[in-house]
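Hi everyone, thanks for making time.

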Amino acid sequence: MGKTFSEKILGRKAGKPVCAGEVVTVSPDRVLSHDNTAAIIKEFEKLGVDRVKSPDKLIIILDHVVPAAAEKYALNHKNIREFVAAQGLKHFFDVSHGICHQVLSEEGFALPGALILGADSHTPSYGALGAFSAGIGRSEVASVWATDEIWLRVPETIRIEMSGRLQAGVSAKDVILHLIGREGADRANYMAVEYAGGAAGEFSIGSRLVFCNMAAEMGAKNGYFVPDEKTLEYLRDRARGDFDGIESDADADYAAVLTLDLGTVGPQVACPHTVDNVVPIEKVRGIPFQQALIGTCTNGRLEDLETAARIFKGRRVHPGVRVLVIPASRREYLAALRSGALEIFAEAGCLILNPGCGPCLGAHQGILAPGETALSTANRNFKGRMGSRESEIYLASPATVAASAVAGYITDPREYL
Amino acid sequence: MKRAKVWKYGDNVNTDVIFPGKYTYAVMEPEEMARHALEDLDPEFASRVESGEYIAAGKNFGCGSSREQAATCLKAAGVRAIIAVSFARIFFRNAINQGLPVIQCPEAVAALADGDVIAVDFIEGEIRTPQGNFPFARLPKSVLGILDAGGLIAYTKRRLEAEKIKS
């Protein structure tokens, strides 16, 4: 019996062949943390060691509340900067860079075959580039800083075979929302999700990041696309170091093989308050909302911004709606500035904010009041996530959010193409 | 064995309702975290829960954000253990790393009602309820070591000290 990508990379790291279900002790290639680094430092200091064991593996990116929205956040950031200087950490990205998952990818740290751990639940994103990446907690990051190792259970794998072609006005976000709705929020708990089949290779790196980012909302430990020409092209001028991609064997043992014809998927919306509460757009058409969010680590890249901009071009945001546009990183911001997308947003009446997580996690920049509703391109719609526990969040694609922001209620973007 | 009350909840209790995101980078001390435990699911929980009580819940408990405070705040609020149909992966790790026992036992969850008084025998691996006793699979030894130490930080500290003495 052959092996899956996850079995192979964790076996390579463990120095022996391993199978799903085994527990291995491994040393990661990269360890990510963000604003929570301040809390991790406090845990690290309890361990009785002075130095981080492998400082060059650490990547610290400030993104969750940037720039600091209050004194507490400012103090956290200051403590992190002092720690970075004291430990001589090389890979520190201060508040001006963008969301950790986008920055880590575009800076060339996410490489095929790499093992990346992060103190953030959307760490599975880097499977888009063929890495094995999984989220862990704060105590674990502190412990890895000190010991350079961690125990991981080798996950079983669900393979999703995609075929067919996307309809116009439908994107990766609609496909992954459809899958999460169909399979459930815990379908892939503890497992890897491998996106495969002829149609998988058609997706851009940006779209692959959407799929792997949202794998977390199926409960997955990690997501994965086979590295291909698009991966190599993306990494050409940015890869930090050599890499050796890994593919699943043709006769690998999968926990399940699911199929999906992309041509059958229309625009999808996840309704409050769970990500698997997904319906076709027709079912929620007409629902009014007050705030739209276009951005986040899920959908804040140039392709997302340009999709939204094409809809806003020559149109105006509905007077009853506030539209927040938050590019995922400074590089994506600059690309959208040069492409003219930002000008279209401003002309249409959108509010363009600095790269970062923004209101996605309800800490600042557009908190919802009781009774308010948001339509967002983010990855979570849990109760109270963007502010009041009496508010509601619907999730959709950039095209759906843009078209709906013009209409003033949730609507089908295919009428705005 | 101490008997204590069960707080019963449903499926997919996520980390945002256990510990809202607005506090994640602003509230740093466990005692203060405890005051916000389960705030967006059951606003009365934090003020009414007593030390040693249990939570029973459906599938996928702790899904969502990796925030470890979701485990820290429940532990600091006095929760003795969480019994669930299943746990989300990162929460499962975080709970153990905070020294908070997690018990996967769908049969017990199905039988339990909110307010039931139960006892848990961690050595035998059994939940004693008014509806009968339910055995559960104990955690692997390596993981129990982390729980026994009171969490991962204490466990790692002990390990590093032992290595230092050896060398």
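Let's start with one residue pair: the bridge partner of Tyr195(A) is Phe225(A), which sits in S10(A). Before I go on, please keep in mind that this is a predicted model. That pair belongs to a run of 4 bridges, in the parallel sense, between strand S9 of chain A, residues 192–196, and S10(A).

Zooming out, those two strands are part of an open sheet of 4 strands in chain A, in the order S10-S9-S8-S11, with parallel pairing. So which strands stand at the edges here? They're S10, residues 222–225, and S11, residues 256–261; each has a single partner strand, so one side of each has no neighbour in the sheet. On average, and ignoring direction, neighbouring strands in this sheet are turned by 20° against each other. As a quick reminder, strands of a sheet pair through backbone hydrogen bonds, and they can do that parallel or antiparallel.

Okay, domains. How many residues are in contact across the two? On the domain 1 side it's 33 residues, and on the domain 2 side it's 32. Looking at the domain 1 side, the helices H4 (100–106), H6 (172–183) and H7 (205–215) of chain A each bring at least two residues to it. H6(A) gives the most, with 6 residues. If you sort that side of domain 1 by class, you get 12 nonpolar, 16 polar and 5 charged residues.

Most peptide bonds are trans, and most residues other than glycine have a negative phi. With that in mind, have a look at the bond from Val66(A) to Pro67(A): it's cis, with omega near -15°. You'll find Pro67(A) in the loop between strand S3 (58–61) and helix H3 (71–87) of chain A. Another cis peptide bond joins Pro272(A) and His273(A), with omega about -5°. His273(A) is in a loop as well, the one between strands S12 (268–270) and S13 (278–280) of chain A.

Now over to chain B. What does it contain in terms of helices and strands? We have 8 helices and 7 strands. Along the principal axes, the C-alpha atoms of chain B fill a box of roughly 55 × 40 × 25 Å. For 167 residues, you'd expect a compact globule to have a radius of gyration near 15 Å, and chain B comes out at 16 Å, which agrees.

Chain B has its own open sheet, with 7 strands in the order S4-S3-S2-S1-S5-S6-S7, and here the pairing is mixed. The edges are taken by S4 (102–104) and S7 (132–135), each with a single partner strand, so one side of each is left without a neighbour in the sheet. From one strand to the next, the twist averages 30°. Inside this sheet, S2 (residues 54–57) and S3 (residues 81–84) of chain B run parallel and are joined by 4 bridges. One pair to find on screen is Ala56(B) with its bridge partner in S3(B), Ile83(B).

Let's turn to a helix pair in chain B. Two packed helices are described by the angle between their axes and the distance between the axes. For H7 (residues 141–149) and H8 (residues 152–166) of chain B, the axes come within 7 Å and cross at roughly 100°. H7(B) and H8(B) are therefore roughly perpendicular to each other. Who makes the contact? From H7(B) it's Gly145(B), Ile146(B) and Ala149(B), and from H8(B) it's Leu152(B), Ala154(B), Tyr155(B) and Arg158(B). By class, that's 5 nonpolar, 1 polar and 1 charged.

Leu38(B) lies in the loop between helices H2 (30–34) and H3 (45–48) of chain B.

Last stop, where the two chains meet. The contact takes 41 residues from chain A and 32 residues from chain B. On the chain A side, the elements giving two or more residues are H2 (37–45), H3 and H5 (138–147). H5(A) gives the most to that side, with 7 residues. That side of chain A divides into 14 nonpolar, 14 polar and 13 charged residues.

Okay, that's my tour.

Methods: Residues are numbered from 1 along each chain as its sequence is written. Chains are lettered from A and ligands numbered from 1 in the order in which they are written. This is a predicted model: local features need pLDDT of at least 70, side-chain atom pairs count only at pLDDT 80 or more; totals for chains, interfaces and linings use all residues. Axes are lines fitted to C-alpha atoms, for helices over the stretch in contact, and angles run from 0 to 180 degrees between N-to-C directions. Angles under 35 degrees count as roughly parallel, over 145 as roughly antiparallel, 65 to 115 as roughly perpendicular and the rest as oblique. Two residues are in contact if their C-beta atoms, placed from the backbone, lie within 7 Å. Ala, Val, Leu, Ile, Met, Phe, Trp, Tyr, Cys and Pro count as nonpolar, Asp, Glu, Lys and Arg as charged, and the others, Gly among them, as polar. Two strands pair if DSSP finds at least two bridges between them. The radius of gyration is taken over C-alpha atoms; the globule rule is 2.2 Å times the number of residues to the power 0.38.
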